[in-house]
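Here are my notes on the two-chain model you asked me to look over.

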Amino acid sequence: MEYSRRIEVFTRVKDQYLQLVTAVLWKLTGDRQLFEEAMQYTLMGMWQHVEKLDGDKAPSYIYRIALSANSKAWRNRVGKNGDQIPERAAVDKSPEDRAGQAELVAKVRRAIARLPENQSKAIVMRYLGQREYDEIARTLGCSEVASRSHVCKALASLRSRLHEE
Amino acid sequence: MSKDIEKILNQLGSEPVPAEIQRLAEGVSMRFQKSVSHKQKTTALNLWEMIMRSGIAKLAAAAAIVVVGLLAVLFWGPLGSTAYALEQTLAALHSVRTLHMKDLAPDQDEPKEFWIECDEAGNLLNVRLHMPAWDSPADGPKEVVWHSGKAEVWFKAKGVVVTVNEKDKIAQLLEMVVVFDPKRALERVMRLQEEGRAQVQIEQPSNKADPIKVTVTYKDKGDQDDIQDVMMINQATLLLESTHRYRLVNGQSQFLGADEFLSYNQPIDPSMFVLDNLPAGVMRVDMTRQDVGLARGDLTEQEMAEKVAKEFFEALVAEDYDKAGRLMGGLTGDALKTMLTGKKFMRIVSIGKAGPHPNPATQGWAVPCEVELQKDGQTSVVPFPVLGVRPVQGQPDRWAVFGGF
């Protein structure tokens, strides 16, 4: 693809999906620095694979790129010092509950970053993107039953991973 | 626990994205957009300057040159504020359009050397390969240039330049370029890392003049020992400077080879991609000519071998060097005439029965011939016991003489 055409497609796709990517990455990271890193990886991924984003399958690729970027950002973070990030949520709980809840939220996020591709896509679309199953199925290119199955398996995997921790 | 997880997920899903984060996303996105657009402008500017400075002869080379990948440097910002990641080098490599590199092997002094030029879309335009004798002792040292699907191979020890366009042969030649492509090498490392099959250690010196050292340890398929690639990456350009490969055996490193990337995006003199200034007496054989050899038609292989031998010597007797050259696999008439200076083919004495060539590797036929030859005023009958004849490479329906006579 010519460079000028790459820029044209990239700009169109980026403008179209920036809000979606921002929402997904923020909900998956919950941390300003981690979010920025994941957003950089996502844009770099979109630029590298811009040919694939010029068609009907763009939404599926966008999720794939964003989730992969999220996983990389998490891996870098955990790989660097193993620290957990401070949770941003400050909800109406006691300090003890709030700390416990924050830790759990961070664990859920880390666990999503390690799910198989279709499971992570499905659970992110279902819960973080609040999409209906028929839309998830269309994006993943599978049946509605299969999309429900991906979500169920993802929940089971998250449960199992959190239990292990 | 299950309900907790669903609750957390639902809660995350319903939370709005803070305005501060939206602004941050827009800022990152804008920076990226600017960096890709800036790269395009810089490319155009440098090209124009280069063309203005270049003579007409250099225009072709100038048109293929693109500046070093500013994309990664601009977008990721100066190193130090952000930790180095392999993706940065991969991004920088995407904008490489010319490359000069060396490949070193253990116990060999002379390296292989490659010059590679691509167009704006990353398609190969020109390649030159310098191949020492150790790479293929049977061929001896070779120089190869490739352009537009056609390769010229100069077999230095044999004094022959062969032009080929056969896809398999070209693929073999270009395989070397692909194998040593730094972009592919890096993508492979990243894939291994993603699959959890490689350990990657990155050492980034605070002194920006020193390269970043990336050590990748992994196992090759079917290999018991660990392999270690040590990559040095320039902090300013983020491009790969070198890769050294080792096998780790009982705590010891055995050197397996090294690639040194000597320059990226530097103009390559167009004459590098032309085989000229060859020593006197070098024969040129163009196997891409459509009129090389003779069409076999309905003849058997044996009949065909004998027919080619007969017509070859008939052409020499008639001093039709162009035809004789075509029957000799595409040798030019002038080159053949020069080779035969002082010799005159008077008549064919005999063309014998063709049999399998004594060297099976040639997959050809041998035709025993006798010819009356005049040399230095003396006429004598000269035997040619093994005149080789076989199908032309890439044109299996046409047959020609091979291997000298």
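Predicted model: local features only at pLDDT ≥ 70, side-chain atom pairs only at ≥ 80, totals over all residues.

**Notes on the model**

1. Glu319(B) sits in the loop that links helix H8 (301–317) to helix H9 (321–327) of chain B. Its backbone is worth a look too: phi of Glu319(B) is near 55°, a positive value in a residue other than glycine. For context, most residues other than glycine have a negative phi.

2. Chain B has another residue of this kind to check. Asp376(B) is not a glycine, yet its phi is positive, at about 50°. You'll find Asp376(B) in the loop between strand E16 (365–375) and strand E17 (378–392) of chain B. Is Asp376(B) buried or exposed? It counts as exposed, because it has 6 C-beta neighbours inside 10 Å and the cut-off for exposed is 12 or fewer.

3. Now the big picture for chain A. Of the 165 residues in chain A, 41% are buried. If you take the contacts in chain A with a separation of 6 or more, 64% of them are between residues 24 or more positions apart.

4. How do H1 and H2 of chain A cross? Their axes come within 10 Å and cross at roughly 150°, which means H1(A) is roughly antiparallel to H2(A). The crossing of these two helices is right-handed. On the H1(A) side the contact is made by Phe10(A), Val13(A), Lys14(A), Val21(A), Leu25(A), Trp26(A) and Thr29(A). H2(A) answers with Leu34(A), Phe35(A), Ala38(A), Met39(A), Thr42(A), Met46(A) and Trp47(A). Sorted by class, that contact has eleven nonpolar, two polar and one charged residues.

5. Further along chain A, helix H5 (residues 117–128) and helix H6 (residues 133–140) also have axes that come within 10 Å, here crossing at roughly 145°. The crossing of H5(A) and H6(A) is right-handed. Asn118(A), Lys121(A), Ala122(A), Met125(A) and Arg126(A) are the H5(A) residues involved, and they meet Ile136(A), Thr139(A) and Leu140(A) of H6(A). By class, the contact of H5(A) with H6(A) has four nonpolar, two polar and two charged residues.

6. A quick stop at Val145(A), which belongs to helix H7 of chain A. Val145(A) counts as exposed, because 9 C-beta neighbours lie inside 10 Å. Val145(A) and Tyr133(A) are twelve residues apart in sequence, and their C-alpha atoms are 8.4 Å apart in space.

7. Where do the chains meet? The contact takes 32 residues from chain A and 26 residues from chain B. On the chain A side, the elements that give two or more residues are helix H1 (3–29), helix H2 (32–48), helix H4 (95–112), H5 and helix H7 (144–164). H1(A) gives the largest share of that side, ten residues. The residues of chain A that touch chain B divide into 21 nonpolar, five polar and six charged.

8. Over in chain B, have a look at the open sheet. Twelve strands form it, in the order E7-E8-E9-E10-E11-E1-E2-E3-E4-E5-E6-E12, with mixed pairing. Strand E7 (198–203) and strand E12 (283–286) of chain B are the edge strands, each pairing on one side only. From one strand to the next, the twist averages 15°. Within the sheet, strand E2 (residues 112–118) and strand E3 (residues 124–131) of chain B run antiparallel and are joined by six bridges. Glu117(B) stands opposite Asn126(B) in E3(B). Helix H7 (residues 182–194) of chain B lies across E7, strand E8 (212–219), strand E10 (240–249) and strand E11 (252–264) of chain B, at about 115° to E7(B).

9. Last one: Phe273(B), in the loop between E11 and E12 of chain B. Which residues does Phe273(B) contact, leaving aside its neighbours within four places in sequence? They are Asn126(B), Arg128(B), Val145(B) and His147(B). Phe273(B) and His147(B) are 126 residues apart in sequence, but 8.0 Å apart in space, C-alpha to C-alpha. Phe273(B) is partly exposed, because 19 other C-beta atoms lie within 10 Å and buried would take 20 or more.

How values were computed: Residues numbered from 1 in each chain as written. Chains lettered and ligands numbered in written order. Contact = placed C-beta atoms within 7 Å. Pairing = 2+ DSSP bridges. Helix = DSSP H or I, 4+ residues; strand = E, 2+ residues; numbered from the N terminus. Axes fitted to C-alpha atoms, helices over the stretch in contact; angles between N-to-C directions. Left-handed = near helix turned anticlockwise from the far one by under 90°. Nonpolar A, V, L, I, M, F, W, Y, C, P; charged D, E, K, R; others polar. Parallel < 35°, antiparallel > 145°, perpendicular 65-115°, else oblique.
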